[in-house]
Amino acid sequence: MITKIKNGKLILPDEICIGKDLYLENEQIRAITTEKMPYDIEIDAGGNYVSPGFIDMHVHGGGGADFMDGGTDAIVKAAKLHLMHGTTTILPTALSSSMPVLEEFLKDVETVQKEALSQADIAGVHIEGPYFADAQRGAQNPDYIKAPEPAEYQYMIEKYGHIIKRWSFAPELPGSVEFCKTLVANGILPSFGHTDAIYEELLPVYEAGCRMFTHFYSGMSMLTRRGPYRKLGAVESAYLLDGTQVEIIADNCHLPPELLRLILKGFGTERVSLVTDAMRGAGMPEGESALGRIGEEMPCIITDGVAMLPDKTSFAGSVATTDRLVRTMVQKAGVSVLDAIRMMSENPARLLGLSQKGSIKPGMDADIVIFDEAITVKTVLAKGKKVNLS
């Protein structure tokens, strides 16, 4: 089956191309050309942007479901909500939890993958916690916050390492260097997160191979004092150290537009990835909600376009979808559409080693999003198959 997409502004890796047609065949991109080729289905993009599918590597749920709720239905439901907004590749993300609940989550994701239950590509999982600093736990459940336990994480990696793509942790905790080395040795992306570390505490884990910073500025130490001496926090360390990568929640709530611009000035678009960090309230009405698996959940409220703890002392994840992130970067931070899509597609694909995703080129997966000037999604194709957006 060959699909032709015409009349689109094609967002290619280094340019926006007008006047060429895009051909998809057998779940892959076949050609970008002005030549007339045979096709079975034609899609008129109507002058709108034609983008590579969005990749969300940090997301907890949506549509009223949390990825950790238990069973495959919740995973499929949440992934579907985000797929309708352009997220063709997704990493279900675990919160700090009991180990039995974490293992159940990993088993459920594995089942969804094996049985191809989701039209969105479940590319693996992101484990966020439980090895975090209590002072920076935010909305993570304090009952499970602790230092790395080798027997525990070695078991998880041995059994589920094939689906664990990344793991976020605090570098100042005892055993973090060994934990980081284990992640790197097993091809898992380590990431600094929910950390109160100063530069001297973070540096050994950086030297062990950690370069990524989870939801930069959120749940993260900044310049502080130890006695009379000023010490760099995790934020300043990220700017100072070479080769660091940051993910940001560009929902126009977690980070103001001027801070988004500062981050881009410091890192450039090549070292920034956009993530939703969305919880079950994405796509749902405002009001009471919950972060995490029911039974181990943290109560929260959805208000003003974001999730918060009930006392409003901390955000509790976002309710954003990936199209909203792109919209924020373009409309609020003044980023070009080309650069915004690079941060939403190409960069996360590179970090996660997803060589078939993240850009529109022949041979790549036919994950496509068509959206207008207002960044409103019109059409989504996942591996060449059109998604029902209703």
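Please keep in mind that the model is predicted.

Let us begin with the sheet. Three strands form an open sheet in the order S21-S22-S23, and their pairing is antiparallel. Strand S21 (287-291) and strand S23 (306-308) are at the edges, each with a single partner strand, so one side of each has no neighbour in the sheet. Neighbouring strands here are turned by 40° against each other on average, direction ignored. Between S21 and strand S22 (residues 298-303), the antiparallel pairing runs over five bridges.

Next come the aromatic rings. The structure holds 14 aromatic pairs. Such a pair is described by the distance of the ring centres and the angle of the planes. Take tyrosine 131 and tyrosine 153: their ring centres are 6.3 Å apart and their planes stand at 70°, so this pair is edge-to-face, given that planes over 60 degrees apart are classed that way. Tyrosine 131 belongs to the loop between strand S13 (125-128) and helix H3 (150-160), while tyrosine 153 belongs to helix H3, so the pair ties together parts that are 22 residues apart in sequence. Both tyrosine 131 and tyrosine 153 are buried.

Tyrosine 153 also pairs with phenylalanine 179, and that pair is tilted, with 4.6 Å from centre to centre and 55° between the planes. Since tyrosine 153 lies in helix H3 and phenylalanine 179 in helix H4 (residues 176-185), this pair ties together parts that are 26 residues apart in sequence. What are the relative accessible areas of the two residues? For tyrosine 153 the value is 2%, so this residue is buried. For phenylalanine 179 the value is 0%, so this residue is buried as well.

Elsewhere, one aromatic cluster is formed by Phe192, Phe213, Phe216, Tyr217, Tyr239 and Phe267. Charged side chains meet rings too. Lysine 9 lies over the face of tyrosine 49, at 4.2 Å from the ring centre, and arginine 211 lies over the face of tyrosine 206, at 3.8 Å from the ring centre.

Now to the cysteines. How many disulfides does a search of the whole structure find? The search finds zero. Cysteine 210 shows how this looks locally: the nearest cysteine sulfur, that of cysteine 180, is 5.0 Å away, whereas a disulfide needs the sulfur atoms within 2.5 Å. Cysteine 210 has 0% relative accessibility, so this residue counts as buried. Cysteine 17, at 9% relative accessibility, counts as buried too.

We finish at helix H8 (residues 322-331), where valine 330 is found. Leaving aside residues up to four places away in sequence, valine 330 touches Val335, Ser336, Val337 and Ala340. Valine 330 and isoleucine 375 are 45 residues apart in sequence and 8.8 Å apart in space, C-alpha to C-alpha.

Threonine 322 is in helix H8 as well. Its relative accessible area is 0%, so threonine 322 is buried.

Notes:
Residues are numbered from 1 along each chain as its sequence is written. This is a predicted model: local features need pLDDT of at least 70, side-chain atom pairs count only at pLDDT 80 or more; totals for chains, interfaces and linings use all residues. Side-chain values use heavy atoms; hydrogens and water are left out. Two strands pair if DSSP finds at least two bridges between them. Helices (H or I, at least four residues) and strands (E, at least two) are DSSP runs, numbered from the N terminus. Axes are lines fitted to C-alpha atoms, for helices over the stretch in contact, and angles run from 0 to 180 degrees between N-to-C directions. Rings of Phe, Tyr and Trp (its six-membered ring) pair if their centres lie within 6.5 Å; planes under 30 degrees apart count as stacked, over 60 as edge-to-face and the rest as tilted. Buried means under 20% relative accessible area, exposed over 50%, partly exposed in between (1.4 Å probe, protein chains only). A charge sits over a ring if NZ of Lys or CZ of Arg is within 6 Å of the ring centre and within 35 degrees of the ring normal. Contact means heavy atoms within 4.5 Å.
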